[in-house]
Amino acid sequence: MSATFAFLLAREAAREQGLELPGTRSACTQDERFALLYSEAKRRVGRMRIKVVEVTDQIEQTLFEVYAALALNTKYNDWRTH
């Protein structure tokens, strides 16, 4: 499991603490200080309650995701292609 959301939360916490992080995800997870933040973020995500909306049509799904991100001001959505 990649735990992408937990990774983003841990990276944000590291920045708030002024930690200098290596460039790659793999290198970050090897850093002991970051590993602690990442473990806590995974526990935090595990305690979250979620609700799911099933949208089967691909076009509606894309539009709904964009609409929800804008309406809810979700700061963790990343629309860049890498």
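Biologist: Are F7 and F34 buried or exposed?

Modeller: In this predicted model, both F7 and F34 are buried. The term buried requires under 20% relative accessible area, exposed over 50%, and partly exposed lies in between (1.4 Å probe, protein chains only).

Biologist: Why does F34 count as buried?

Modeller: F34 has a relative accessibility of 0%, and therefore counts as buried.

Biologist: What makes the aromatic pair of F7 and F34 edge-to-face?

Modeller: Rings of Phe, Tyr and Trp (its six-membered ring) pair if their centres lie within 6.5 Å; planes under 30 degrees apart count as stacked, over 60 as edge-to-face and the rest as tilted. The centres of F7 and F34 lie 5.3 Å apart with 65 degrees between the planes, so the pair is edge-to-face.

Biologist: What makes the charged end of K42 sit over the ring of Y38?

Modeller: The criterion is NZ of Lys or CZ of Arg within 6 Å of the ring centre and within 35 degrees of the ring normal. The charged end of K42 sits over the ring of Y38, 4.3 Å from its centre. Likewise, the charged end of R25 sits over the ring of F7, at 4.5 Å from the centre.

Biologist: Which conventions apply to numbering and atoms?

Modeller: Residues are numbered from 1 along each chain as its sequence is written, and side-chain values use heavy atoms, without hydrogens and water. Local features need pLDDT of at least 70 and side-chain atom pairs count only at pLDDT 80 or more, whereas totals for chains, interfaces and linings use all residues.
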